Amino acid sequence: MKERQLVVVGGGPAGMAAALAAREAGVADVLLLERDQHLGGILNQCIHPGFGLHHFKEELTGPEYADRFAARVLADPGIEVRLKSFAVKLTPDRRISFLRPGALEEVQAGAVVLATGCRERTREMIPIPGTRPAGVYPAGLAQKMVNMEGWIPGREAVIVGSGDIGLIMARRMALEGVLVKAVIEIQKSSRGLVRNVVQCLEDFGIPLYFQHRISMVRGRDRVESVDVVRVDDEFRDIPGSDFSLSCDTVLVSVGLIPENELLEMAGALIDRKTNTPVAPDVNLTSLPGIFACGNACKVYDLADWVTRDSQLAGRMAARYLGVADL
Amino acid sequence: MVRDVIIIGAGISGAAIARELSRYRLKVLLLEKEAEPAFGVSKSNSGIIHAGTQNPPSSLKGWLCVEGNRLLREELAADLGLHFVQCGQLIVVFDLADLPELDKIKAEGEALGVKGLEIVDRAWLDAREPNLGPEVKAALYVPSAGIISPYRFVYALVENAVRNGVRLETSSRVTAVRRRPEGFEVVAGGQVFRSRFVVNAAGLYADEVSAMAGAPTFKITPRKGEEYLLDKKREHIANHIIFPLPSKTSKGILIIKTSDGNPMIGPTAHETPDKEDLATTDAGLAEVLAGARRMMPSLDRSDIIAYFAGLRPASGKDFIIRHEDAVPGLVNVAGIQSPGLTSAPAIAVMVAGLLKERGLPLTPKEEFHRLRPRPVHLFQVPLEETARLIEKDPSYGDIVCRCELVSAQEVRDAIRRGARTLDGVKFRTRAQSGRCHGGFCTTRIIKLMQEELGLPVTAVSKRGPGSELIKDERK
Ligand SMILES: Cc1cc2nc3c(=O)[nH]c(=O)nc-3n(C[C@H](O)[C@H](O)[C@H](O)COP(=O)(O)OP(=O)(O)OC[C@H]3O[C@@H](n4cnc5c(N)ncnc54)[C@H](O)[C@@H]3O)c2cc1C
């Protein structure tokens, strides 16, 4: 089995920042595994501006922000990047197995940084009752369809959840000519950035309903309408307050969950509610030599903070490997 | 061409009948209104291969269930490469005063020929089901019950039937059945098909099809069951399928192991007038959670990753499997509520017998391909086997669905075996059925379907025409 000094799993902003910082701190050999065919992770589909204001002191789009790191990663001879490489197994003594077209490989890592990002909470997790027709998509999937593939999923949309992804997708759909009928939020206020509420909804005249929820999805093959109902402070439906919105699409943006299945497989402690590693400090896990950073560690609202903390994770790994003092 | 038999409906009943008839020198046509087989009742059920208990001993469904269970365990699972797991079942009581009820179920099961039944106490249960709640006092252990993937059961039967010469026509809703002196004329999907016999296995619509053919002899009343799937991380929460004592209309809210690993809780049982009413409800969820937690209090709402509703096509209490004398040549297979999935192999043998009685010669084929190789599912094989597969075919290493570990090769294989929709790919491969619900893999699967089937993106659908996923392409 091949031995590698540091293995980083995930080639988004977190993994790239950790790999680069580890190199700067003196790690000679880094293997970076990325499932996709390119580096950048979720930033590749975030083509809107708003990235880098803190880290680079200028406003970039997601792909621009990612490319600055990717260029450095690819130019660094001490970092071997493996694309289309999917880590399937991690042991507590840091053996990693990964699949790629053509092979299953296993490596022994001196230290591991897990930067596997988040998945979206789904309709099923709330859960939203009703039928299960085509047209109900996680907002991030819709973002990928529109921004990466040029596919417009529907013509009349209702958005569930007023977090940043929901707000940004409301605007994105409106810009593509989709009639966005409403954003439905069960809480009393938006979890998203104020600038997004203003720029994404108010500027486009999209109504935002606080303290409302979808009580039924209707339609056999494709979404036909949703029932919306107002809820009280205890999230109980207020009788008689319900109304129907016709639409062919429902985008669900109800939060993110760190992807820590590998860490769990290795036997690390995981908080069941948040799916984050249980550890005394950011980037640490309950297993020595295995670190977690970026959205896999906790859900961040800005990529800039992911970069900052993930650089720290790279330095922590270097120190664990005995090549640097913190 | 005049066929020997037209089977209407490619659910588990129609599929099993088609496969059974494909042993003989017959021309058989299987008509299905949906884009793929298994898209009716047979896709949304508990996937339990019942032992035969909890049925009245004199019922048709009682003995068909016991015999279907035997045929599956002893023959079909191996022949068709099905992943059948004989995990056994427990029927629990919360009050020792209910023990006589268990004795009665045991005696009735034994009268039907169910083997190995045993009343077990709390100590037995503690050793084998550590997560049972304190309210559970004793149980009836039913060792011959097991679990299967219901849709993959249907696909295997249909594939093997087609391999043996049965013709399958999907997207072909039967709109008229006419009895002519020389046989039947069946109109479906704009075409007219002729046959000597018609087998009506149309599930929820069997009453309408029978009426079309001139035998309005029964009515189907759908009974809805909502089911909630849990994360695979909870796979080992139960080691058996766990039932409470049955009520008059249903077997109760169960904790169900599934053959793919995710445990499931449900189903509810409520009549609905609407044959398309597949909505889950807040009330259904509350009922299922309460029922399941009584048996296993550690079950949590946050474990739920998916849900669905299915409709039992009930007509009275028992199955209706008979020749309609008013319409010679018409055999009805109707009212196939639970345990229809289990009973299907035995129903098929019974239907072949009914057709023979009415003059259909059953001459065995010289060459009947009994075996169907099991498709590769990476999630079912150990890593070493995965490594070997990848060496043979690199695209087994090209992972499409990360939650369930499904490769591009498996998706292509599913399409080559007949998947035409996203649900068809999902049912065959499990891609999109994990915790991210297709958030990561949907676009890739759409592209693979476009590649394999030569479709524009706007024609790729979830479950057939009307359920297309993408409305427009940006110019
Ligand atoms: C919630 C629930 C849980 C269950 N759990 C279990 C279990 O654990 N174990 C068990 O053994 N059983 C179980 N069952 C019962 C089992 O699912 C059914 O008995 C079985 O699937 C019925 O199969 P079928 O082929 O008769 O009907 P279907 O699967 O509905 O097949 C009928 C087919 O006919 C087609 N069709 C209808 N009309 C036409 C037309 N005009 N032209 C052409 N095609 C037509 C339909 O599209 C459909 O594909 C459960 C049922 C439910 C609802």
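A: We begin with the naming of elements: helices (H or I, at least four residues) and strands (E, at least two) are DSSP runs, numbered from the N terminus. Please also keep in mind that this is a predicted model.

Q: With that naming in hand, where in chain B is the place of B:Pro267?

A: B:Pro267 sits in the loop of chain B that runs between strand 15 (264-266) and strand 16 (270-271).

Q: What should I look at in the backbone of such loops?

A: The general idea is that most residues other than glycine have a negative phi, and most peptide bonds are trans. Against that background, the peptide bond leading from B:Gly266 to B:Pro267 is cis, with omega near -5 degrees. A cis peptide bond also joins B:Ser338 and B:Pro339, where omega is about 0 degrees, and B:Pro339 belongs to the loop between strand 19 (330-334) and helix 8 (340-357) of chain B.

Q: And phi: what is its value at B:Arg430, and where does that residue lie?

A: At B:Arg430 phi is near 80 degrees, a positive value in a residue other than glycine, and the residue is in the loop of chain B between helix 11 (422-429) and helix 12. B:Gln432, which is not a glycine either, has a positive phi of about 85 degrees, and its place is likewise in the loop between helix 11 and helix 12 of chain B.

Q: Is B:Gln432 buried or exposed?

A: B:Gln432 has a relative accessible area of 9% and is therefore buried, since the cut-off for buried is under 20%. B:Arg430 is buried as well, because its relative accessible area is 6%.

Q: What does B:Arg430 touch, leaving aside residues up to four places away in sequence?

A: With those sequence neighbours left out, B:Arg430 touches B:Arg152, B:Lys232, B:Asp260, B:Asn262, B:Phe379, B:Cys401, B:Glu404, B:Val406 and B:Val425. With one of these, B:Glu404, the side chain of B:Arg430 makes a polar contact of 2.8 Å.

Q: How do I read the interface between the two chains?

A: The size of an interface is often given as the accessible area lost when the parts come together. Here chain B and chain A bury about 4800 Å² between them, and 53% of this is on carbon and sulfur atoms. The contact involves 54 residues of chain B and 56 residues of chain A.

Q: How many residue pairs are in polar contact between chain B and chain A?

A: There are 28 residue pairs in polar contact between chain B and chain A, counting pairs with both residues at pLDDT 80 or more. On the side of chain B that touches chain A, the elements giving two or more residues are helix 7 (282-295), strand 17 (304-314), helix 9 (383-392), helix 12 (442-453) and strand 22 (472-473) of chain B. By class, that side has 21 nonpolar, 13 polar and 20 charged residues.

Q: In what sense do strand 11 of chain A and strand 22 of chain B pair?

A: Strand 11 (residues 151-152) of chain A and strand 22 of chain B pair in the antiparallel sense, over 2 bridges; within strand 22 of chain B, B:Glu473 is the bridge partner of A:Trp151.

Q: Which parts of the chain are linked by the pair B:Asp423 and B:Arg463?

A: In this salt bridge, B:Asp423 and B:Arg463 have their closest N and O atoms 3.6 Å apart. The pair links distant parts of the chain, as B:Asp423 is in helix 11 of chain B and B:Arg463 is in the loop between helix 12 and strand 22 of chain B, 40 residues apart. B:Asp423 is buried, with a relative accessible area of 4%, and B:Arg463 is buried too, at 13%.

Q: Which residues do salt bridges that share partners join into one network?

A: Such shared partners join A:Arg119, A:Glu259, A:Glu261, A:Glu264, B:Asp231, B:Lys233, B:Arg402 and B:Arg435 into one network.

Technical notes: Residues are numbered from 1 along each chain as its sequence is written. Chains are lettered from A and ligands numbered from 1 in the order in which they are written. This is a predicted model: local features need pLDDT of at least 70, side-chain atom pairs count only at pLDDT 80 or more; totals for chains, interfaces and linings use all residues. Side-chain values use heavy atoms; hydrogens and water are left out. Contact means heavy atoms within 4.5 Å. Buried area is the accessible area (1.4 Å probe) that two parts lose on being put together, summed over both. A polar contact is a pair of N or O atoms within 3.5 Å; within protein, one must be able to donate a hydrogen and the other to accept it, and residues adjacent in sequence count only if both atoms are side-chain atoms. Ala, Val, Leu, Ile, Met, Phe, Trp, Tyr, Cys and Pro count as nonpolar, Asp, Glu, Lys and Arg as charged, and the others, Gly among them, as polar. Two strands pair if DSSP finds at least two bridges between them. Buried means under 20% relative accessible area, exposed over 50%, partly exposed in between (1.4 Å probe, protein chains only). A salt bridge is a side-chain nitrogen of Lys or Arg within 4 Å of a carboxyl oxygen of Asp or Glu.
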